[in-house]
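Keep the structure open beside the text as you read.

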Amino acid sequence: MSIRCSFAGLAVLVLGLAAPPVCAGTYDLIIDRTNVAIDGQTRRVFSINGEIAGPTLRWTEGEEVTVNVTNRLKEDTSIHWHGILLPFQMDGVPMVSFRGIRPGETFTYRFKVRQTGTYWYHSHSGGQEQEGMYAPIVIAPAKGEREKAARDHVVMLSDHHPMSPGAILRKLKQEPGYFNDRRRTVPGLMRDLASAKTSEEKQAVISSRLMWGEMRMDPTDLADVTGYTFLVNGRGPADNWTGLFRPGEKVRLRFINGSAMTIFDTRIPGLRMKVVQADGQDVKPVEVDEFRIGVGETYDVIVEPKDDHAYTIEAQSIDRRGFARGTLAPREGMVGPPPVLRPPTLLGEADMGHGSMSGMDHSKMDHAKMDHAASASSDLSGLVPVPPVDAPAGSKVLSYTDLRRADRSDRLRPPDRTIDIRLTGNMEKFFWSFDDRKYSEDPVMNFTQGETVRLVFRNETMMNHPIHLHGLWMDLENGAGDERPRKHVVIVPPGRTVSVTVRMTEAGRWPFHCHFLYHMMTGMFREFVVSKGTPLPAAPSVPAAGDGHAHH
């Protein structure tokens, strides 16, 4: 990699007559298959420059970026710049913005860096992202960070599975509950009845079982896929990734959730975390003990370890089947206390937002018979996003309602129109959709460049959905008025309603999808086509006859 800076005009810069010098960075990335060790076991992965996670790209605001991506695989690949504002032809989504990168080819991305903060890049081809093709991006502000720190570490969370993505998807299609090893059983019912002390408690146990049975669902089904090893910067819990500090220093930790299917609850026991950035955008600092981070989200926090000992960074999966683990320490080789997994939690009727509609077959998700207004709460409770009820007593857990943008120079506009988007699915056939229609059935939503649109997400499923929009910002309606935060991923909890406002500033074909890999692959995907006057060129291909994004 090389970075070239042009200082022509530096003399007039000193006199205040010119803009700061512009850097031009050239970066070379090679995509290949590589063997890596994870917790002592050799795994075959998709790598970027031989690494998992790939190399951190450090850019500067205003830089003209050139990235040469060479494909040494035997299959097509791609790189998507997650959260980055750029021409849509550089967005890196096969069959939407370009044709993909064929075996043996080199594709060159070129764009100007127009933002600052923590982001990441990953493959948008098949299941390559789950198998190792992801890496961080750190963009330095031209005028320096608003919140200063002596140290700066990236903490990239991810999940790695011994099965291939294709094999996982086949299992889910054959039996959607295949990976749920905590399904309720008859012996479990007997134990619950035996532990009930009163006839009312026994009746409650029976009523609960009947309700979930009638819905053909299971309250333990918090995650579609289990069996993952959870990683920090490509290293397993036993590998002990370590970030160094000196006692008394301020340390900036850039958390990125680059996983395929895992939402994490993250904390550093013994340290309070000051959240200073969300999805690359500076926010007013808020101190927390824990935060939930959805797939695709990023959070920057600052910690100030005072003592000369190791601290454990722990990120427990939402279903409490495992954790990613790292260490903050004054010296290499130190290890903090091992995390203790919290007991698994259950979905309840309140999580589903279904009230008393227990007689419906939710496995088929027949939404036409549902009262949508009643089934999705419309207050700010949907924005929590449902913090873990098992957090240690007295803990402050970050809520979306805590987020306030620090930079208000870009004035927010009232929406020109409102669009309701229902988050839907069919658990029996394992496909996911918007408004009961898969990408193959309804691929495009059209917008006019310059308009402002309010999007109301109504989650009618039992799953959280991290919703991601390429190329445009979503201003999250969290009760903060003009200070509401700007995000590129928003978690919509089960049975809840979350609203965002989007200014359609950038013409292009912008993917809009759930960032759970297997939800996107089976249909929860759209193209936001933003144009004004001149029609956009046709997409490089059309949706396949299957469910989801054609390249998958």
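## Charges over rings

Lys-438 lies over the face of Phe-431, with 4.9 Å to the ring centre. Keep in mind throughout that this is a predicted model. Arg-33 likewise sits over a ring face, that of Phe-46, and here the value is 4.1 Å from the ring centre.

## Aromatic pairs

The structure holds 21 aromatic pairs. Two of them are set out below.

| Pair | Centre to centre | Angle between planes | Class |
|---|---|---|---|
| Tyr-228 and Phe-230 | 6.4 Å | 40° | tilted |
| Phe-512 and Phe-528 | 4.6 Å | 25° | stacked |

Tyr-228 has 10% relative accessibility and therefore counts as buried.

## An enclosed strand

Why is strand S29 (residues 497–503) described as largely enclosed by the rest of the structure? Because seven of its seven residues are buried. Thr-497, Ser-499, Thr-501 and Arg-503 point one way from S29, while Val-498, Val-500 and Val-502 point the other way, and all of these are buried.

S29 also has strand partners. Strand S24 (residues 452–459) runs antiparallel to S29 and is joined to it by seven bridges; in S24's pairing with S29, Val-453 stands opposite Val-502. Strand S26 (residues 474–476) pairs with S29 as well, in the antiparallel sense and over two bridges, and Leu-476 stands opposite Val-500 in S29.

## A buried histidine and a helix

His-488 is found in the loop between strand S27 (486–487) and strand S28 (489–492). Is His-488 buried or exposed? At 1% relative accessibility, His-488 counts as buried. Leaving aside neighbours within four places in sequence, the residues in contact with His-488 include His-82, Tyr-119, Asp-279, His-468 and Trp-473.

The last stop is helix H2 (residues 165–174), whose buried residues are Pro-165, Ala-167, Ile-168, Leu-169 and Leu-172. What do the buried residues of H2 pack against? They pack against helix H7 (517–521).

Technical notes: Residues are numbered from 1 along each chain as its sequence is written. This is a predicted model: local features need pLDDT of at least 70, side-chain atom pairs count only at pLDDT 80 or more; totals for chains, interfaces and linings use all residues. Side-chain values use heavy atoms; hydrogens and water are left out. Helices (H or I, at least four residues) and strands (E, at least two) are DSSP runs, numbered from the N terminus. Buried means under 20% relative accessible area, exposed over 50%, partly exposed in between (1.4 Å probe, protein chains only). Contact means heavy atoms within 4.5 Å. Rings of Phe, Tyr and Trp (its six-membered ring) pair if their centres lie within 6.5 Å; planes under 30 degrees apart count as stacked, over 60 as edge-to-face and the rest as tilted. A charge sits over a ring if NZ of Lys or CZ of Arg is within 6 Å of the ring centre and within 35 degrees of the ring normal. Two strands pair if DSSP finds at least two bridges between them.
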